[in-house]
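Biologist: Can you walk me through this one? I would like to start with the overall layout.

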Amino acid sequence: MLRASYGGHFSRILEQVATGEEVVISKAGEPVAKVVPLRPKVRRTGRGSLKGRIHLAADFDELPDEIAGAFGMQ
């Protein structure tokens, strides 16, 4: 994370943020703002676009007895 002062460095700050860096802006040595990169949009091609990228364990729907008991489900 870069720390910058107000001194007219806006375009340089934007360049650094565009590369993924967070920048803290200070005035008289006190932080006043943080500029952070926006999250990129997730592009999905439609249903099934994550097929093969997400894997669930075979026992995903099975609740262990100790957890079920803790919730009064036994």
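Modeller: The protein has 2 helices and 3 strands. Helices (H or I, at least four residues) and strands (E, at least two) are DSSP runs, numbered from the N terminus.

Biologist: In what pattern do they follow along the sequence?

Modeller: The pattern is β-α-β-β-α.

Biologist: Where does the model come from, and how are residues numbered?

Modeller: This is a predicted model, in which local features need pLDDT of at least 70, side-chain atom pairs count only at pLDDT 80 or more, and totals for chains, interfaces and linings use all residues. Residues are numbered from 1 along each chain as its sequence is written, and side-chain values use heavy atoms, with hydrogens and water left out.

Biologist: What is the mean pLDDT?

Modeller: The mean pLDDT of the protein is 83, and 89% of its residues reach 70 or more. pLDDT is the predictor's confidence in each residue, from 0 to 100.

Biologist: How do β2 and β3 pair?

Modeller: They pair in the antiparallel sense over 5 bridges. Two strands count as paired if DSSP finds at least two bridges between them. V23 has V35 in β3 as its bridge partner, and V24 stands opposite K34 in β3.

Biologist: Is β2 mostly covered or mostly open?

Modeller: Mostly covered: 4 of the 5 residues of β2 are buried. Buried means under 20% relative accessible area, exposed over 50%, and partly exposed in between (1.4 Å probe, protein chains only).

Biologist: Is A28 buried or exposed?

Modeller: A28 counts as exposed, because its relative accessibility is 81%.

Biologist: How many salt bridges are there?

Modeller: The count comes to 1 salt bridge, meaning a side-chain nitrogen of Lys or Arg within 4 Å of a carboxyl oxygen of Asp or Glu. E22 forms a salt bridge with K34, with the closest N and O atoms 3.5 Å apart.

Biologist: What does the pair tie together?

Modeller: E22 lies in the loop between α1 (10-18) and β2 (23-27) and K34 in strand β3 (residues 30-35), so the pair ties together parts that are 12 residues apart in sequence. E22 is partly exposed at 31% relative accessibility, and K34 is partly exposed at 49%.

Biologist: New topic. Which residues form the nonpolar patch on the surface?

Modeller: L50, I54, L56 and F60 form it, with about 420 Å² of accessible area together. Patches are made of residues with over 30% relative accessible area and no salt bridge; like charges are joined within 9 Å and nonpolar side chains (Val, Leu, Ile, Met, Phe, Trp, Tyr) within 5 Å. L50 is found in the loop between β3 and α2, and its relative accessible area is 31%.

Biologist: What about A68, and what is it in contact with?

Modeller: A68 sits in helix α2 and counts as buried, at 7% relative accessibility. Leaving aside its neighbours within four places in sequence, A68 is in contact with L63, M73 and Q74. Contact means heavy atoms within 4.5 Å.

Biologist: What share of contacts join residues at least 24 apart?

Modeller: Among contacts between residues at least 6 apart in sequence, 6% join residues at least 24 apart.

Key:
Accessible areas come from the Shrake-Rupley method with a 1.4 Å probe; for residues, only the protein chains shown count as cover.
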